[in-house]
Amino acid sequence: MQTPSPDSASTPSTAQSWQTESAQIPDDSLISSSDRRHTVQAGSPLMMVETAFLASTASLIWFVNYYFPLGPLLRIFFPLPIALLYLRWGKREALMGVITSGLLLTVLMGPTRSIGYLIPYGWLGVILGETWKRQAPWFVSIGMGTIIGALGFFFRYWLLSILLGRDLWVYATTQITELVDWFFIRLGILAQPDLTLIQGIAILVVLLNSMIYLFVVHLVSLLLFDRLRNPISRPPKWVQVLLDYEA
């Protein structure tokens, strides 16, 4: 009578142990963004690689758009890599991504152009990631983003005015004055627009432009981040009906 060898005897138990261990390993595609940080230790290679990759992606988008502008297409994606980094790993890694992007753009383009990305788009990416991770309503994230975008616009005007030695706000108010004069003539109003009115209209135009930009960014992020398993806060009902989107 032939006795079974030790190797053949241990094969079923070994296979069963391997199946048990493999069943205990969670599938990464099933891990939500809120649980990913708890399953991966801080300072892990995956966290550092994704931080470096998304920071370099943000820098590359800004770099390409600066030298090869494609209109508003790439501008929509300026804050999204940092916001995605916040959704996946949290505030610390998002701030590290902003700092890394700033340093990389400083090397590639100089400090003044890197500041143009950090304020407002790097800052905006962190704020959007924070509000989306907390599932804040869209009017909160769009409202905060509108203020940050407007502040960034005025900051760039102030910075360029210092670098060029000219007050660029004067040119902006001149253009708005000509536009308001044209409307006054069309409406039959024989009056000269006041400087306070001109500046108020200019500020409203900047806020309106920033609000429209943030709304488009939210729409793109809604469609993109859901497919990346990092969903943002749910849109209002009228947006879901407009897009025929099932939240």
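Glu 130 is partly exposed, with a relative accessible area of 22%, where partly exposed is the range between buried (under 20%) and exposed (over 50%), computed with a 1.4 Å probe on protein chains only. The model is a predicted one, in which local features need pLDDT of at least 70 and side-chain atom pairs count only at pLDDT 80 or more, while totals for chains, interfaces and linings use all residues. Residues are numbered from 1 along each chain as its sequence is written, and side-chain values use heavy atoms, with hydrogens and water left out.

The side chain of Glu 130 meets that of Arg 134 in a salt bridge, at 2.1 Å from N to O, a salt bridge being a side-chain nitrogen of Lys or Arg within 4 Å of a carboxyl oxygen of Asp or Glu.

The structure holds four salt bridges, and another of them joins Arg 88 to Glu 50, whose closest N and O atoms are 2.7 Å apart. Arg 88 lies in helix H4 (residues 80–89) and Glu 50 in helix H3 (residues 45–67), so this pair ties together parts that are 38 residues apart in sequence; helices here are DSSP runs of H or I with at least four residues, numbered from the N terminus. Arg 88 is buried at 13% relative accessible area, and Glu 50 also counts as buried, at 16%.

A further salt bridge links the side chains of Asp 226 and Arg 234, at 3.0 Å from N to O. Asp 226 is partly exposed at 22% relative accessibility, and Arg 234 is partly exposed at 31%.

Note on methods. Helices (H or I, at least four residues) and strands (E, at least two) are DSSP runs, numbered from the N terminus.
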